[in-house]
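Okay, thanks for making the time, everyone. Let me put the structure up, and then I'll walk through a few spots.

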Amino acid sequence: MSGLRHQDKVALITAATDGIGYAIAERLGKEGAKVVISSRKQKNVDAAVNNLRQQGIEVMGLVCHVGKKEHREALIQETVAKYGGIDILVSNAAVNPVYGPMLKVTTEEAWDKIFDINVKASFFLVKSAMPYMKNRKGASVILVSSIGGFTPDKSLGAYSTSKTAMFGLVKNLAVECAEFGVRVNGLAPGLIKTRFSKQLWDGRESEAVGFSIPLGRIGLPEDCGAVVSFLASDDAAFVVGENIVAAGGQLSRL
Ligand code: NAP
């Protein structure tokens, strides 16, 4: 770890009570940031706040379902009321309500939900946060997409398409936000061992690794925390509009 790269910064992370989002909050907190974590369920928020506090991290926890505009707005307003602004914004929430060939399983409702949560909510979160990030030294936005955005998957078609859209969202937001001195980048994780991806690795870990991950292991949430921490730091001061892949060597080309 590279010291306290985020000392006194305010970091807001969505979907941060478990998995990748939690690991991002933990890593940014350990590097000195005051972290604001959120997810849909109060009990998950309370448990995560407790765990982070026990590690000496300054943390505030709020309920926020990112699909609800009023939740997103409250998350931002309460963060600003408590800490005065936002230096790091990580949009990490995503859903995948259907699994299987998309021509068979994807209904209009499922399509709307996937794009509302994964793409639309990310955009409007950034839009609402920007007035409180602009012109803050070193301010940075990171959108969490997926290796699936690069690599077609017969079981995750609509989800993967939404993640490809996020690459474009990163590129387009990056040029607009650069005007305010805010860098925008993306993290595209590969297969990471979390509850969300359990179906893909549980009981067939060696199969998953053997076929497609040259490094020979499934990723851990901490692998993602480390990349986000780098992207949010001054070490990445000239990195803008990039979608960084953390996937153990899985192919990632559009
Ligand atoms: P996870 O371990 O299942 O954690 C999901 C977190 O999201 C929980 O804290 C959950 O808490 C919260 N959440 C779920 N729906 C939400 C919503 N609508 N609004 C706010 N919070 C919500 O998931 P993960 O694997 O860490 O995934 C995080 C991100 O990484 C997603 O964008 C996913 O697409 C991406 N990703 C994951 C993998 C992988 O292999 N795991 C690979 C590539 C990309 P509550 O239940 O309390 O809401």
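This is a predicted model: local features need pLDDT of at least 70, side-chain atom pairs count only at pLDDT 80 or more; totals for chains, interfaces and linings use all residues.

Residues are numbered from 1 along each chain as its sequence is written, and side-chain values use heavy atoms, with hydrogens and water left out.

So, salt bridges, meaning a side-chain nitrogen of Lys or Arg within 4 Å of a carboxyl oxygen of Asp or Glu. Searching the whole structure turns up six of them. One joins Asp87 and Arg136, at 2.9 Å from N to O. Asp87 sits in the loop between helix 3 and strand 4 (88-91), and Arg136 in the loop between helix 5 (108-129) and strand 5 (140-144), so this pair ties together parts 49 residues apart in sequence. Helices and strands here are DSSP runs, numbered from the N terminus: H or I of at least four residues, and E of at least two.

Buried or exposed, then? Buried is under 20% relative accessible area, exposed is over 50%, and partly exposed is in between, with a 1.4 Å probe and protein chains only. Asp87 is buried at 7%, while Arg136 is partly exposed at 24%.

Next, Glu31 and Arg27 meet in a salt bridge at 2.8 Å, N to O, and both of those residues are buried. They also belong to a salt-bridge network that links Arg5, Arg27, Glu31 and Asp235.

Now, contacts, which means heavy atoms within 4.5 Å. Val182 is in the loop between helix 6 (157-178) and strand 6 (183-189), and it's buried at 1%. Beyond its neighbours within four places in sequence, Val182 touches residues including Met130, Met133 and Cys177. Gly138 is 44 residues away from Val182 in sequence, yet 7.0 Å away in space, C-alpha to C-alpha.

Thr79, over in helix 3 (residues 69-83), is buried at 0%.

Last one: which residues form the positive surface patch? That's Arg40, Lys41, Lys43 and Lys113. Patch residues have over 30% relative accessible area and no salt bridge, with like charges joined within 9 Å and nonpolar side chains (Val, Leu, Ile, Met, Phe, Trp, Tyr) within 5 Å. Lys41 lies in the loop between strand 2 (34-39) and helix 2 (42-54), partly exposed at 40%.

Conventions. Accessible areas come from the Shrake-Rupley method with a 1.4 Å probe; for residues, only the protein chains shown count as cover. Lys and Arg count as positive and Asp and Glu as negative; His and the chain ends are not counted. The place of a charge is taken as NZ of Lys, CZ of Arg, CG of Asp or CD of Glu.
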